[in-house]
Structure formats: C-alpha cells, structure tokens
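Thanks for coming, everyone. I'll walk you through one structure today. Please have a look at it first.

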Amino acid sequence: MKKSVAVENINVMRYMGNKRRLLPQIRNAIEANTRPGELVLDLMAGTHSVGSDISDRNPVVANDIGAYTAPIGKALLQRPVGF
C-alpha cells in the first residue's frame with residue numbers, strides 16, 4: 001500500500017533511541033529476512049518509525065513500554081484502506 005504524502009513526511013518527535021537514521025539498514029534487513037506480507041513484530045516501537053517505514057510491505061505488530069506511544073502507533077499503523 002502506498003503511503004500518502006502526509007504519512008510519508010510525518011516526524012512525530014525526537015525520541016531517545018529513535019531509529020529514523022537507521023531506517024535504510026533496518027528496512028534492508030527486514031526485506032532480506034521476510035517475504036512481502038509476512039508479519040513483523042516491533043517490540044521496542046517507540047515513535048513507530050520502523051513500523052511506519054515498512055508498513056507498505058509488511059503488516060506490523062508494535063509494542064513499547066511507554067503507553068503514550070500507543071496513539072502514535074494507531075495513527076501510523078492502523079490507516080484506513082486506501083489511505
């Protein structure tokens with residue numbers, strides 16, 4: 001699913017441990033070890049930068065100890081069909 005321009009350009013916040021700079025390497029590792037459509041689990045999702053980046057290829061289940069990250073994940077990972 002192609003992301004809308006609004007979703008592609010979202011930068012929620014700078015978060016300790018943010019993986020945004022590592023996204024190309026993380027995406028390459030996920031693509032090398034999964035097939036398109038396979039479920040990916042992000043156990044330390046934080047601001048959901050990894051899940052958001054790969055959600056066009058793989059469905060993502062995300063978790064983080066910070067409860068405040070849940071609304072961010074819902075907004076980025078549970079988009080309506082065709083959005």
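Which exposed residues does the face of H4 turned away from its buried side carry? They are Pro-71, Lys-74 and Ala-75. Exposed here means over 50% relative accessible area, buried means under 20%, and partly exposed is in between, with a 1.4 Å probe and protein chains only.

Some ground rules. This is a predicted model, where local features need pLDDT of at least 70 and side-chain atom pairs count only at pLDDT 80 or more, while totals for chains, interfaces and linings use all residues. Residues are numbered from 1 along each chain as its sequence is written, and side-chain values use heavy atoms, with hydrogens and water left out.

Now the overall layout. The protein has four helices and two strands. Along the sequence they follow the pattern α-α-β-α-β-α. Helices (H or I, at least four residues) and strands (E, at least two) are DSSP runs, numbered from the N terminus. Of the 83 residues, 36% are buried. The protein exposes about 5,600 Å², and carbon and sulfur atoms supply 61% of that. Accessible areas come from the Shrake-Rupley method with a 1.4 Å probe; for residues, only the protein chains shown count as cover. As for contacts between residues at least 6 apart in sequence, 53% join residues at least 24 apart. Contact means heavy atoms within 4.5 Å.

Back to H4, residues 69-77. Its buried residues are Thr-69, Ile-72, Gly-73 and Leu-76. Why are they on the same side of H4? Because they cover an arc of only 95° around the axis. That arc is taken from the directions from the helix axis to the C-beta atoms. What covers these buried residues includes helix H3, residues 49-54. Ala-75 and His-48 are 27 residues apart in sequence, and 9.8 Å apart in space, C-alpha to C-alpha.

His-48 deserves a stop. His-48 sits in the loop between E1 and H3. Is His-48 buried or exposed? Buried, with a relative accessible area of 5%. His-48 also has a positive phi of about 65°, although it is not a glycine. For context, most residues other than glycine have a negative phi.

Next, the core. The largest nonpolar core has six residues: Leu-23, Ile-30, Val-40, Val-50, Ile-54 and Val-60. The elements giving two or more residues to this core are H2 and H3. A nonpolar core is a set of buried Ala, Val, Leu, Ile, Met, Phe, Trp, Tyr and Cys residues joined through side-chain atoms within 4.5 Å.

On to charges. Side chains of opposite charge can pair when their charged atoms come close. How many salt bridges does a search of the whole structure find? Four. A salt bridge is a side-chain nitrogen of Lys or Arg within 4 Å of a carboxyl oxygen of Asp or Glu. Arg-27 pairs with Asp-53 at 3.6 Å, N to O. Arg-27 lies in helix H2 and Asp-53 in helix H3, so the pair ties together parts 26 residues apart in sequence. Arg-27 also pairs with Asp-56, at 3.2 Å, N to O. Asp-56 lies in the loop between H3 and strand E2, so that pair ties together parts 29 residues apart in sequence. Asp-53 is partly exposed at 21% relative accessibility, and Asp-56 is partly exposed at 33%. Arg-27, Glu-31, Asp-53 and Asp-56 are linked in a network of salt bridges. Elsewhere, Arg-35 meets Glu-38 in a salt bridge, 3.2 Å, N to O. Arg-35 is exposed at 57%, and Glu-38 is partly exposed at 27%.

Last item: the surface. Leu-39, Leu-41, Leu-43, Met-44 and Val-61 make a nonpolar surface patch of about 540 Å². Patches are made of residues with over 30% relative accessible area and no salt bridge; like charges are joined within 9 Å, nonpolar side chains (Val, Leu, Ile, Met, Phe, Trp, Tyr) within 5 Å. Leu-39 lies in the loop between helix H2 and strand E1, and counts as exposed at 57% relative accessibility. Met-44 lies in the loop between E1 and H3, and is exposed at 63%. Leaving aside neighbours within four places in sequence, Met-44 contacts Lys-19, Asn-63 and Asp-64. Met-44 and Asn-63 are 19 residues apart in sequence, yet 5.9 Å apart in space, C-alpha to C-alpha.

That's my tour. Questions, please.
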